[in-house]
Structures are given as C-alpha cells and as structure tokens.
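Hi,

Here is the structure I promised to pass on. Have a look at it first, and then read my notes below.

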Amino acid sequence: MGVTGASAQQLAVRALQLLLDAGQQVELVASRGCAQVWRDEQGLVLPRSPDAQEAFWRRQCDRQGGQLRCHPWNALGAAIASGSYPVRGMVILPCTMGTVARLAAGVSLELLERAADVQLKERRPLVIAPREMPWTLIHLRNLTRLAEAGAHIAPPIPAWYQRPESLNDMVDFLVIRILDSLGYDLGRQLRRWQGPVSLPVGSGA
C-alpha cells in the first residue's frame, strides 16, 4: 500500500483499518510528501523510522491486529522493490498527479514509485486512486499511459445509491470499491447496487 502526499489521508487510514481487520499483511510505504500533508492538514508528525511509523499508523486507525510493516520512503533496497518478493498487488491511495506522472514516465525516485513499477513489470495488479480535480490533458494522458501499461485507475468518486447517512459511510464506499479492484471482499456492511428501487403502485410523479 502506497500513500502519497495528496489530501484525503483519511481514505488511506480507512483502507488500512479494513485490511488489518481482515488479518491481512500490509507492506506500507509513505512518500516524502505524505509526511508534509499530515503536518499541514492534521498537525501530526509522521515518524521516519519504520517501527515508529507503524505505531503512528496503528494509532490513526486504532487497530492492533493484522500484520503491518512500514518502509522508509528512500529504502530502495526494501523487499517490495524486487519482483521476486511475492505480493498480491499494490494500491496507491491517495495518489498525487506528480506520482502519476513519474510512474507514467517510468521514473522511480522513491520506494513507492519503484514498488509500483515492479507491479507493472510483474503483471500484478496496480490500483491507482488519483486525488485531484479537475484533470488537465496532461493528467489524462499520464493516466491513459498507466492504464495501457496495465494499471487500474480507480479515482475515489462517490455514489449515492447506497444512501450514505454520514461522511464515514461515503468514505467506506470509496475505500471498499477501490479495494474491490485488488480482489478483496471487505464490504459486507456496504449496501451495494441491487437494481432499481421499486416504487409503490400508484406512486407516479
């Protein structure tokens, strides 16, 4: 799981909660920009050391279960930088357009980008959740290049058919739908689309 320096860090926290609740092993790498966003938006310091960073993420998601291993942003020799290290795939949530551009150009300056590049070359699932709007033509072309290379583009776009009653309901929908792309079934509590709502007889407009 990659977390870049885009707004909407709450989506990353909720995704981590769901994965740890399901007993999954999560290899997490946060970009340099991620730490800046936590500082600017939440007034929190994202530690640099892997152990301290694991404690940070566990505090944010209030979870002790599952397996979580954090990697420094510049640890290009980490296990997830190699295609020989088996993983299910990778989700980048949220993903900046700067990260999208570097991935589209095949440039790996940080571990997160290298790990994503590995998923593409190994033909493993790479799910990118770009958090930006509106999209420029440059953004669209970069995303198209990634889609052509095999990435799954899953922007966090809400829906209303599940009848959300709170912001948490909306966050759950976004995160669960994004994790659907990796083959997880973590949305048992999610009201998925079941077809049109049947109107009572005689309730015409």
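**What I found**

Going along the sequence, the protein runs β-α-β-α-α-β-β-α-α-β-α-β-α. That makes seven helices and six strands, where helices (H or I, at least four residues) and strands (E, at least two) are DSSP runs numbered from the N terminus.

Before you dig in: this is a predicted model, where local features need pLDDT of at least 70, side-chain atom pairs count only at pLDDT 80 or more, and totals for chains, interfaces and linings use all residues. Residues are numbered from 1 along each chain as its sequence is written, and side-chain values use heavy atoms, with hydrogens and water left out.

On overall form, the C-alpha trace spans about 65 × 40 × 35 Å along its principal axes. Of the 205 residues, 45% are buried (under 20% relative accessible area, with a 1.4 Å probe and protein chains only). If you look at contacts (heavy atoms within 4.5 Å) between residues at least 6 apart in sequence, 70% of them join residues at least 24 apart.

Now the inside. The largest nonpolar core has 40 residues, and Met1, Leu28 and Trp57 touch the most other members. A nonpolar core here is a set of buried Ala, Val, Leu, Ile, Met, Phe, Trp, Tyr and Cys residues joined through side-chain atoms within 4.5 Å. Elements giving two or more residues to this core include α1, β2, α2 and α3, as well as β3 (67-71) and α7 (167-180). Leaving aside neighbours within four places in sequence, Trp57 has contacts that include Val3, Leu28, Cys34, Trp38 and Cys70. There is also a second, separate core of 21 residues, with Val29, Ile80, Ala115 and Ile128 among them.

Helix α2 (residues 32-42) is worth a look too. Cys34, Ala35, Val37 and Trp38 are buried there. Why do they sit on the same side of α2? They cover an arc of only 160 degrees around the axis, taken from the directions from the helix axis to the C-beta atoms. In general, an α-helix has 3.6 residues a turn, so residues three or four places apart point the same way. The buried residues of α2 pack against β1 (2-3), α1 (9-21), β2 (25-30) and α3 (50-61). Just after α2, Gly43 takes a positive phi of about 70 degrees.

Last stop, β4: six of its six residues are buried. β4 pairs with β5 in the parallel sense over four bridges (pairing needs at least two DSSP bridges between the strands), and Ile92 stands opposite Ile128 in β5.

Cheers

Definitions and conventions:
Buried < 20%, exposed > 50% of the residue type's maximum accessible area, 1.4 Å probe, protein only.
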